[in-house]
Each structure stands twice: as C-alpha cells, then as structure tokens.
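The sequence and structure come before the comments.

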Amino acid sequence: MADTSSNRMMDKATTVIQSQADMCQAYADGSVGVIVSGMIWLAAALIAHQYSANQAIWMLFFGGMFIFPISMLIGKLMGLSGKHAKGNQLGNLAMEGTIWMIMCLPLAFGLSMQQTEWFFQAMLLIIGGRYLTFSTIYGKKIYWILGAVLGIAAYALFVFKVQSLGSLLAGAGIEISFGLLMLFSYRRNFKRSLVLG
C-alpha cells in the first residue's frame with residue numbers, strides 16, 4: 001500500500017517536471033516575456049519623460065496587453081514553438097495569474113488618484129507577486145528572486161518618495177536585466193542539451 005502511494009507521488013512529480021520542461025521549451029523559460037515587459041516599462045519611462053506620468057500609465061496599461069503577442073512573435077523568430085502541449089495544466093496557471101493581475105489593476109488605478117507615482121510602485125508589487133507563480137510554471141527559482149527584487153524595489157521607491165520616472169526606470173532595468181540573464185541561461189542549457197544528445 002505504501003509502495004503504491006509512493007509510486008503515485010513519483011508519477012505526479014514526474015508529470016510536473018515534464019510539464020515544466022514543456023513550458024520552458026515553448027517559451028524559453030519565460031525570458032522573452034520578461035524582456036518585452038521590461039521594454040514596455042522603458043517605453044512608458046520615455047513617455048513620462050517627454051510628456052507626463054499620466055500618459056505613461058496608459059502606455060503601461062495598453063502596452064501590457066501586447067506583451068504576450070509581441071513575445072510570441074519574437075519567440076517564433078528565435079525558433080520557439082510558442083505553444084505548450086495541450087492539457088498542460090501549467091498553461092492554465094499562467095492564464096490564472098494573468099487574470100489575477102488584471103483584477104488588481106483597479107487597486108493601482110485607485111492609488112494613482114492619490115499620487116500618480118503610486119500606480120507604478122503598485123504595479124511593481126503586483127507584477128512581482130505574479131512572477132512568484134512563474135517559479136512553479138517554469139521550475140526556475142530565479143523567479144522568486146525576480147519577484148522579491150521587484151517587491152523590495154517598490155517598497156524602497158515608495159519610502160524614498162521616488163517620482164514616476166524613477167519607478168519606471170527601475171521596473172525596466174530589473175525586468176530587462178533578469179530577462180536577459182534567463183535568456184542566456186536558456187540558450188546555454190539548450191546548446192548543452194544538443195551536445196549531450
């Protein structure tokens with residue numbers, strides 16, 4: 001009886017690892033999406049600098065809607081499938097995380113009515129929280145670090161009363177840096193797997 005239960009646990013663990021490997025292969029460990037998200041933050045920073053922080057809010061909001069399709073396009077150009085296996089439950093978790101993030105947007109908008117820069121700091125917290133689930137989706141602990149760094153950055157920016165441009169540049173810098181690190185790691189591991197056969 002104990003052996004049967006143990007075998008079932010092993011089967012479930014194997015299934016999770018296989019599902020994570022499928023997600024990693026389809027989306028390059030999620031690195032492309034992180035980089036594109038960082039670029040949206042950078043574009044919003046440019047708008048805040050050239051025009052206003054309020055316009056940067058809309059850039060971040062509407063630009064965020066295009067993170068996934070832009071990531072898929074770049075992924076296709078890189079030779080990624082951009083599609084996880086049908087029935088991979090981790091794909092559902094990714095979608096659920098996205099819905100949770102969208103449901104948090106009214107909170108960020110509400111804060112922006114008090115202080116415009118609070119919107120960007122709230123978004124850093126929201127996005128950081130979402131990245132924590134990516135550790136399960138891709139099986140990469142670096143997402144815990146990324147989520148923690150975004151959360152700590154949001155708190156520090158709030159405490160030191162950093163203006164909108166500073167928050168936007170912080171978000172861009174953190175995401176692009178982590179995204180590139182993850183992409184290089186993915187490519188190195190991919191080449192190694194080809195060599196090992």
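**Notes on helix packing and local geometry**

1. Where H2 and H3 meet, the H2 side consists of Ile 40, Trp 41, Ala 43, Ala 44, Ile 47 and Ala 48, and the H3 side of Ala 53, Gln 55, Ala 56, Met 59, Leu 60, Gly 63 and Gly 64, contact being heavy atoms within 4.5 Å. Helix H2 covers residues 31–50 and helix H3 residues 53–65; helices are DSSP runs (H or I, at least four residues), numbered from the N terminus.

2. This is a predicted model, in which local features need pLDDT of at least 70 and side-chain atom pairs count only at pLDDT 80 or more, while totals for chains, interfaces and linings use all residues. Residues are numbered from 1 along each chain as its sequence is written, and side-chain values use heavy atoms, with hydrogens and water left out.

3. The axes of H2 and H3 are 8 Å apart and their packing angle is about 160 degrees, where axes are lines fitted to C-alpha atoms over the stretch in contact and angles run from 0 to 180 degrees between N-to-C directions. The two helices, H2 and H3, are therefore roughly antiparallel, a term for angles over 145 degrees.

4. H3 also packs against helix H5 (residues 89–112), at an angle of about 175 degrees and with the axes 12 Å apart, so that H3 and H5 are likewise roughly antiparallel. Ile 57, Trp 58 and Phe 61 of H3 make this contact with Leu 105, Phe 109 and Ser 112 of H5.

5. Trp 58, Phe 61 and Phe 109 also belong to one aromatic cluster, together with Phe 62, Phe 119 and Phe 120. The whole structure holds 14 aromatic pairs, a pair being rings of Phe, Tyr and Trp (its six-membered ring) whose centres lie within 6.5 Å.

6. In helix H4 (residues 67–77), Ser 71, Met 72 and Gly 75 are buried, that is, under 20% relative accessible area with a 1.4 Å probe and protein chains only. Because these residues cover an arc of only 100 degrees around the axis, they lie on the same side of H4, the arc being that of the directions from the helix axis to the C-beta atoms. Leu 73 and Leu 77, on the other side of H4, are exposed (over 50%).

Technical notes
Rings of Phe, Tyr and Trp (its six-membered ring) pair if their centres lie within 6.5 Å; planes under 30 degrees apart count as stacked, over 60 as edge-to-face and the rest as tilted. Angles under 35 degrees count as roughly parallel, over 145 as roughly antiparallel, 65 to 115 as roughly perpendicular and the rest as oblique.
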